Amino acid sequence: MKQSKADKIHYLEPELFTASGISSHGFTTRHEGVSRPPYNSLNLGTTTLDAAHNVEGNRHLLANAFGGGPERFVAVTQVHGVDLLVIDTPNPDYLHFQRLTCDGIITNQPEVMIAVSVADCVPLLLLDPEKRVVAALHAGWKGTAGNISAKGVAAMVELFGSDPSRILAAVGPAISPCCYEVDLPVLEAFRSQGGGYERFAEPSGEGKWRLDMSAANVAQLRDAGLGEENIEVAPHCVSCTSELFFSHRRDNGVTGRQMGFIMLK
Ligand SMILES: [Zn+2]
């Protein structure tokens with residue numbers, strides 16, 4: 001994943017996706033937005049105490065940088081669930097989706113940017129270059145335990161006829177096990193869902209585990225039928241990389257949000 005820039009947006013660009021040539025896509029960093037500390041500066045999250053006009057201004061910067069424009073920008077109210085929004089027809093009002101509660105967005109509509117906000121959780125993008133369908137998913141520990149990545153793949157298969165072996169995936173920057181210790185309820189959530197994904201939690205002390213959410217999502221995508229060569233993973237830990245990324249845990253909850261975004265051309 002390389003560091004790229006479009007207008008003012010500094011972002012990580014999954015090169016697998018770029019090679020297909022049909023979408024704009026990436027994971028934002030915190031640079032060159034309009035928000036002040038502690039939200040400096042490209043805070044894209046509406047659930048922070050940052051001024052709403054700052055977040056709106058930052059979202060406009062992102063939407064305009066890739067040509068779709070703010071009126072064709074789709075984000076939702078994320079609730080750490082596994083429900084998905086599917087947009088398969090042109091819509092007169094894309095902004096109203098902001099009030100919808102779900103944690104993933106899928107679309108086959110061109111020039112509609114779909115995006116999920118994160119600040120430790122895994123932002124995940126999917127692209128089917130054959131059927132021209134894209135997805136943006138928010139996978140924190142709850143979404144990962146609920147296997148939202150496989151649900152996104154299944155929806156692309158069922159609704160758009162995607163072949164999982166042709167789907168590309170980009171797993172964006174998230175908090176890594178170096179900085180992500182969890183307790184028993186998190187481990188139990190993985191155990192109760194089946195699939196054996198609790199193997200990505202390593203014991204680190206009495207009642208403590210270090211959880212690798214990115215690796216769990218990669219395994220879930222592999223189990224859903226994606227090829228290993230079709231999955232690109234950001235190498236950063238957002239908590240260790242304060243110059244590039246917000247981290248909810250590192251900043252004690254007072255911080256901004258970055259986004260994973262994708263738009264069909
Ligand atoms: Zn770290």
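Predicted model: local features only at pLDDT ≥ 70, side-chain atom pairs only at ≥ 80, totals over all residues.
**The whole chain**
- The protein chain comes to six helices and 15 strands (DSSP runs numbered from the N terminus, with at least four residues of H or I for a helix and at least two of E for a strand).
- Its radius of gyration is 17 Å, close to the 18 Å that the globule rule gives for 265 residues, so the chain is as compact as a globular protein of that length. That radius is taken over C-alpha atoms, and the globule rule is 2.2 Å times the number of residues to the power 0.38.
- Along the principal axes, the C-alpha atoms fill a box of roughly 50 × 45 × 30 Å.
- Of the 265 residues, 50% count as buried (20 or more other C-beta atoms within 10 Å of a residue's own; exposed is 12 or fewer, partly exposed is in between, and C-beta atoms are placed from the backbone).

**The start of the chain**
- Strand 1 (residues 2-6) and strand 2 (residues 9-13) pair in the antiparallel sense over five bridges (pairing takes at least two DSSP bridges between two strands).
- Here Lys2 stands opposite Glu13.
- These two strands form a hairpin with two residues between them, and Asp7 in the turn has a positive phi of about 50 degrees.
- Strand 2 is also joined to strand 3 (residues 23-28), by two bridges, and that pair runs antiparallel.

**The nonpolar core**
- In soluble globular proteins, nonpolar side chains tend to be buried together.
- The largest nonpolar core in this model has 77 residues, and Met113, Ile114 and Leu125 are among those with the most contacts inside it. Such a core is a set of buried Ala, Val, Leu, Ile, Met, Phe, Trp, Tyr and Cys residues joined through C-beta atoms within 7 Å.
- Strand 9 (residues 133-139) gives the most to this core, with six residues.
- Leaving aside neighbours within four places in sequence, Ile114 is in contact with Val74, Ile105, Thr107, Val134, Ala136 and Ile262 (contact is C-beta atoms, placed from the backbone, within 7 Å).

**Helix 4**
- Helix 4 (residues 148-160) has 13 residues that should span 18 Å at 1.5 Å a residue, and its end C-alpha atoms are 18 Å apart, which agrees. The expected span is 1.5 Å times one less than the number of residues.
- Its buried residues include Ile148, Val153 and Met156.
- The buried residues of helix 4 pack against several elements, including strand 5, strand 6 and helix 6 (213-223).
- Just after helix 4, Gly161 takes a positive phi of about 70 degrees.

**An exposed loop residue**
- Thr89 is found in the loop between strand 5 (84-87) and strand 6 (104-107).
- With 8 C-beta neighbours inside 10 Å, Thr89 counts as exposed.
- Thr89 and Thr107 are 18 residues apart in sequence, and their C-alpha atoms are 8.5 Å apart in space.

- An open sheet has the order 11-13-12, with antiparallel pairing.
- Strand 11 (181-183) and strand 12 (201-205) are its edge strands, each pairing on one side only.
- Four bridges join strand 12 to strand 13 (residues 208-211), and Ala201 has Leu211 as its bridge partner.

Methods
Residues numbered from 1 in each chain as written. Contact = placed C-beta atoms within 7 Å.
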